[in-house]
Amino acid sequence: MTQTLLGKIALITGASKGLGKAMALALAQAGANIALVSRDEAKLNAVAAEIRGSGGNASVFVADVTDEAQVAKLRAAVAAQFGGTLHILINNAGINIRKPVTDFTLAEWNSVLTTNLTSVFLLCRAFVPMMKGRGYGRIINLTSMMSHISLPGRTAYSASKTALLGFNRALALELADEKITVNGISPGVCDTEINTPLMQNPELRAQFLSKIPVGRFGEPSEIAKLALYLCSEDAGFITGTDVVIDGGWTAQ
Ligand SMILES: NC(=O)c1ccc[n+]([C@@H]2O[C@H](COP(=O)([O-])OP(=O)(O)OC[C@H]3O[C@@H](n4cnc5c(N)ncnc54)[C@H](OP(=O)(O)O)[C@@H]3O)[C@@H](O)[C@H]2O)c1
C-alpha cells in the first residue's frame with residue numbers, strides 16, 4: 001500500500017476491536033502513527049503489537065472517553081508523546097442498548113448518549129487545538145445507518161447518532177478555514193461485537209440479512225478503506241457531510 005499518510009498522527013477511539021481496530025490497521029499501513037484509545041489495555045496492546053509486527057507505529061492510551069477528567073489526562077499524554085501535534089481524530093467508540101423506550105432507565109439512556117455523543121464533544125474540545133495551524137486535518141465521527149433510518153428499540157442509539165449529523169455539520173463550518181474536514185461515516189450492519197445480540201440469534205440474523213440489498217453484512221475493512229480515503233489529501237473538499245456505507249439498506 002502507498003504510504004499516503006506518512007508523517008501523520010492519528011488518534012482512534014474504540015481501537016481495541018471491531019471497526020476501530022480495522023481503521024487503526026488501515027491507517028497504520030498507510031504510514032500514520034496511531035494513538036490507540038479504549039478502556040481495555042490488553043486488547044489495545046494486542047492491536048499495537050499487530051501494527052508494529054507489520055512495520056507500523058502505534059501507542060496505547062487507556063481512557064474512558066465519557067469521563068472528562070480521563071479525556072484531559074489523555075490529551076496531556078498524547079500531547080507529550082507526539083509533541084503537541086495531531087492530524088487525524090476518529091471518534092469511533094460507541095455502544096448500543098436495544099429496548100423499548102419505556103424500559104430504559106435514565107442511567108442506560110445517559111450511557112448511550114454520553115458514549116456516542118458527549119464523548120465526541122469531549123474529544124473534539126480536547127484535541128482540535130492540537131490539530132489547528134497545520135493546513136490539514138481530518139475528523140471522522142462514526143455515525144450509523146441509524147442516523148438516517150431507524151428500528152424499534154433504538155431510541156437512544158438513533159438519537160445519539162442523529163445528533164452527530166448536526167454536530168459534524170457545525171464543527172465542519174467552524175474548522176473549514178483551518179482545512180480540517182469533519183465528516184461522518186454511517187455504516188450499515190457489520191459483524192462486530194456491538195451486534196452480538198443479533199448475530200447470535202439465527203432468526204434475527206436472517207431477518208437483518210434479508211434487508212440488505214447486496215445480500216451480506218459489511219466488512220470492517222470496507223469501513224476502514226472509506227476512512228482511509230476521507231483522511232487522504234484527495235478528500236479535502238469533502239466536509240460537513242455523512243457517507244453511508246450500508247449495502248443499500250437506506251436506499252429502500
Ligand atoms: N458494527 C456496526 O454494524 C456499526 C454500524 C453502524 C455504526 N457503528 C458504529 O461504529 C462504531 C464502532 O462500532 P463497532 O462495531 O466496532 O463496535 P464494537 O466492536 O463493540 O467496539 C466498540 C469500541 O468502542 C469502545 N468503547 C465503548 N465505550 C467506550 C468508552 N466509554 N471509552 C472508551 N472506549 C469505549 C470499545 O472499547 P473498550 O471496550 O475496549 O473500552 C470498543 O473498542 C460505534 O460508534 C458504532 O456505533 C457500528
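Predicted model: local features only at pLDDT ≥ 70, side-chain atom pairs only at ≥ 80, totals over all residues.
## Overall architecture

The protein chain contains eight helices and seven strands. Its radius of gyration is 17 Å, close to the 18 Å given by the globule rule for 252 residues, so the chain is as compact as a globular protein of that length. Along the principal axes, the C-alpha atoms occupy a box of roughly 50 × 40 × 40 Å.

Of the 252 residues, 42% count as buried. Among contacts between residues at least 6 apart in sequence, 74% join residues at least 24 apart.

## Helix α3

Helix α3 comprises residues 68-82. At 1.5 Å a residue, its 15 residues should span 21 Å, and this agrees with the 21 Å between its end C-alpha atoms.

The buried residues of α3 are Val71, Leu74, Arg75 and Val78. Viewed down the helix axis, the buried residues fall within an arc of 105°, so they line one face of α3. They pack against strands β1 (9-13), β2 (33-38) and β3 (57-62), and against helix α4 (106-131). On the other side of α3, Ala69, Ala76 and Ala80 are exposed. Just after the helix, Gly83 adopts a positive phi of about 60°.

## Ligand surroundings

The ligand is surrounded by 29 residues, of which Gly14, Gly18, Arg39, Asp40 and Gly94 are the closest. Helix α1 (residues 18-29) gives the most to this shell, with three residues. By residue class, the shell consists of ten nonpolar, 13 polar and six charged residues.

Key
Residues numbered from 1 in each chain as written. Near = placed C-beta within 6 Å. Helix = DSSP H or I, 4+ residues; strand = E, 2+ residues; numbered from the N terminus. Nonpolar A, V, L, I, M, F, W, Y, C, P; charged D, E, K, R; others polar. Expected span 1.5 Å × (residues − 1). Buried ≥ 20, exposed ≤ 12 C-beta atoms within 10 Å, placed from the backbone. Arc of directions from axis to C-beta. Contact = placed C-beta atoms within 7 Å. Rg over C-alpha atoms; globule rule 2.2 N^0.38 Å.
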